[in-house]
Amino acid sequence: MRDVCAIILAAGLSRRMGARNKLLLPIDGVPMIRHVVDVYRTAIDGPIIAVTGHEADAVESALAGSGVQTVFNPDYAQGQPTSVACGLRHAPNGRDILIGLGDQPLLTRDDLHTFRTAHNAADLARISIPMSDTQRGNPIVIPATLKARLLEDSRSPGCKKFTRENPDHVQFHALSAPGFYADVDTPEAYDQLSTHEVSLT
């Protein structure tokens, strides 16, 4: 994937996981956030930015040596839109942007390639979102030309409000791979990972 960068959201409070930070839980012997970043690294040539917040030092330590750029979102406790905006402000201009979640360990390189291929075959000026039945997935593709638009509303920056209020700028792709829709928010969800094969490819 040339001319693409990635923003990985890794700032959340991880409340539903209890006392543990889900991003630091092991996946195949490495912290979950490191596993996810490694998947993105196998799929894109461009820069990867991880937006940190909650337990930032520990998350950054988990990413040491990965080649990822970490940026701290001081407003992380106010919710995901602030982390999206933080990442967008640090993303290079002129590149499409994959915005993904740090807690999607089932996502694979092949999933990302399939998604990017679907975007390239569609309207390159629209935001691409995976869809299975009525469920939206992640990551999403933000065209470089829309980056500034997503930062215009200082009260509600980012993608969620924009995509719902501007459907003419959005396209959905029917993709069935579970990695797009399975995030790990709870101890039960983490325990269920043992029933899946987790890999980079």
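So, Leu23: leaving aside neighbours within four places in sequence, it is in contact with Ala10, Pro31, Met32, Ile33, Gly102 and Asp103, where contact means heavy atoms within 4.5 Å. Leu23 sits in the loop between strand E1 and strand E2 (26–27). Buried or exposed? Leu23 counts as buried, at 5% relative accessibility. For those words, buried is under 20% relative accessible area, exposed is over 50%, and partly exposed is in between, with a 1.4 Å probe and protein chains only.

Quick housekeeping. This is a predicted model, where local features need pLDDT of at least 70, side-chain atom pairs count only at pLDDT 80 or more, and totals for chains, interfaces and linings use all residues. Residues are numbered from 1 along each chain as its sequence is written, and side-chain values use heavy atoms, with hydrogens and water left out.

Okay, the whole protein. There are seven helices and ten strands; those are DSSP runs, helices being H or I with at least four residues and strands being E with at least two, numbered from the N terminus. The radius of gyration is 16 Å, which agrees with the value near 17 Å that a compact globule of 201 residues would have. That radius is taken over C-alpha atoms, and the globule rule is 2.2 Å times the number of residues to the power 0.38. Along the principal axes, the C-alpha atoms fill a box of roughly 40 × 35 × 30 Å. Of the 201 residues, 52% count as buried. And if you take contacts between residues at least 6 apart in sequence, 72% of them join residues at least 24 apart.

Now, the inside. Which residues have the most contacts inside the largest nonpolar core? They are Ile33, Tyr40, Leu98 and Tyr190, in a core of 37 residues. A nonpolar core here is a set of buried Ala, Val, Leu, Ile, Met, Phe, Trp, Tyr and Cys residues joined through side-chain atoms within 4.5 Å. Elements giving two or more residues to this core include strand E1 (4–10), helix H1 (32–43) and helix H7 (187–191). H1 brings the largest share, seven residues. Apart from this core lies another one, of 22 residues, and Cys86, Ile140, Ile142 and Leu150 are among them.

Asn138 and Pro139 are joined by a cis peptide bond, with omega about 5 degrees. Pro139 is in the loop between strand E8 (135–136) and strand E9 (140–142). Then there's Glu55, not a glycine, yet with a positive phi of about 50 degrees. You'll find Glu55 in the loop between E4 and H2, partly exposed at 37% relative accessible area. Asp133 also has a positive phi, near 55 degrees, in a residue other than glycine. Asp133 is in the loop between strand E7 (127–132) and E8, and it counts as exposed, at 74% relative accessibility.
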